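Here is a short report on one protein chain. Look at the fold, then read on.

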Amino acid sequence: IYFLLNDHSNDIRAVTLSPDNSTLATGSQDKTVCVYSASDWSLIKCLTDHSNWVRCIAFSSDCSSLATGSQDNTVCIYSTKDWSLIQRFTDHRWTVKSVAFSPDGSTFASGSGDNTVCIYSTTDWSLIKRLAGHKYTVWVVGVYSVAYSPDSSTLATAAYDGTVCLYSTTNWTITLRLADHRDYIRSITFSPDGSTFVSGSDDKTVCVYS
């Protein structure tokens, strides 16, 4: 072990490094986010604005903002200059399970257990669109993962209905629906060059698309 960080008092639900590798952020069931300097792993700040588990975290591509999504149904946006809270989104009605900034920095997406994805402009943090492309299922509902393509032209969303929706970020319409899994899809990602897309499911399979 290179370094052991033990500032949380409950399970860790999310970890991420900033794109410039200068900062580590960790989200926990103790309702806090710990921010560390990657140069010496010292604790910079403990963010305490959520009232329930922190489920997901993401840095913007220019490292100017940090987003946190919580089981309190909200998203917090922080300035990395002084770690002040600059925006709180309350548009979801259930746990926020995934957050992502577009690589070009123009939009931000949050996926929730309320089965929707909210799209915001990072210019004024206004709500641009609420996406509801996934089907409601009787036992569980929710969008579990959101991911932008490297060129920011596509947003992928994965949900408990076992499908992936690919949206054009030009008009936020579905361009393709992938339905090759037989169970919940919990994780999705694009390759750095955008040529490959991968999804992982509770059906014990991984689908690779090109």
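## An enclosed strand

In strand β5 (residues 54–59), 6 of the 6 residues are buried, so the strand is largely enclosed by the rest of the structure. Buried means under 20% relative accessible area, exposed over 50%, partly exposed in between, with a 1.4 Å probe and protein chains only. Strands are DSSP runs of E with at least two residues, numbered from the N terminus; helices are runs of H or I with at least four.

This is a predicted model: local features need pLDDT of at least 70, side-chain atom pairs count only at pLDDT 80 or more, and totals for chains, interfaces and linings use all residues. Residues are numbered from 1 along each chain as its sequence is written, and side-chain values use heavy atoms, leaving out hydrogens and water.

β5 runs antiparallel to strand β6 (residues 65–70), joined by 5 bridges. Two strands pair if DSSP finds at least two bridges between them. Alanine 58 has alanine 67 in β6 as its bridge partner. The two strands, β5 and β6, form a hairpin with 5 residues between them. In the turn, cysteine 63 has a positive phi of about 65°.

## The whole chain

The chain has 19 strands and 0 helices. Buried residues make up 54% of its 210 residues. Along its principal axes, the C-alpha trace spans about 45 × 35 × 35 Å.

Contacts (heavy atoms within 4.5 Å) were also counted. Of those with a separation of 6 or more in the chain, 38% come from residues 24 or more positions apart.
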